Amino acid sequence: MIHARVQVRAASEDDLGSIDDIYNHYVRESHCTFDVEPISLEARREWFSHHDATGRHRVFVAEDGARVIGFASSSRFRPKPAYLTSIEVSVYVAPDVTGQGVGSRLYEMLFGALGGEDVHRAYAGIALPNPESIALHEKFGFKRVAHFTEQGRKFGRYWDVAWFEKPLGGGAAEG
């Protein structure tokens with residue numbers, strides 16, 4: 001497990017370079033994101049502008065000392081208004097600290113912060129294979145609800161994607 005000095009806090013604009021470094025590692029080295037070109041800092045700023053310190057759409061970072069070692073986010077699931085109470089979540093951890101509980105700490109903070117929000121469902125798309133990500137999401141109560149075959153092409157091959165869903169407390173139906 002991770003050392004006690006690892007702290008999780010709301011992300012700030014100062015963290016965007018570190019977030020990009022972590023994410024872009026997976027863009028270049030892994031099929032877990034279907035981005036095929038590294039994300040620019042300008043694009044990361046645009047992404048961050050759709051997140052707030054409160055509300056449904058948040059970003060948290062994990063730090064070990066002064067180093068950001070991971071991030072988790074909740075983002076808009078789809079653009080149509082009826083989807084407002086659904087979110088898509090993701091978590092990325094620096095490659096040298098995977099398997100040490102950083103993702104769990106990030107999701108604990110994220111889902112704790114979302115507890116009082118008007119959010120009904122959380123979704124996560126996981127490019128397969130990725131047993132570590134599946135285990136993390138299942139640990140947090142996600143259930144597999146769909147399996148799309150050959151949904152994305154990266155590194156010269158097609159990848160399947162499993163979609164996972166987690167019920168959340170908010171989002172009471174309106175009459």
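**From the surface to the core**

A: The protein chain has an accessible surface of about 9500 Å² (Shrake-Rupley method, 1.4 Å probe), and carbon and sulfur atoms account for 50% of that surface. This is a predicted model, in which local features need pLDDT of at least 70, side-chain atom pairs count only at pLDDT 80 or more, and totals for chains, interfaces and linings use all residues. Residues are numbered from 1 along each chain as its sequence is written, and side-chain values use heavy atoms, with hydrogens and water left out.

Of the 175 residues, 44% count as buried, that is, under 20% relative accessible area (1.4 Å probe, protein chains only). In soluble globular proteins, nonpolar side chains tend to be buried together. A nonpolar core is a set of buried Ala, Val, Leu, Ile, Met, Phe, Trp, Tyr and Cys residues joined through side-chain atoms within 4.5 Å. The largest one here comprises 43 residues. Inside this core, the residues with the most contacts are Val 89, Leu 106, Tyr 107, Phe 111 and Phe 142.

Consider Tyr 107 in particular. Contact means heavy atoms within 4.5 Å. Apart from neighbours within four places in sequence, Tyr 107 touches Ala 72, Val 89, Ser 90, Val 91, Gly 112, Leu 136, His 137 and Phe 140. For the chain as a whole, 64% of the contacts between residues at least 6 apart in sequence join residues at least 24 apart.

Finally, the C-alpha atoms fill a box of roughly 50 × 40 × 35 Å along the principal axes.

Key: Buried means under 20% relative accessible area, exposed over 50%, partly exposed in between (1.4 Å probe, protein chains only).
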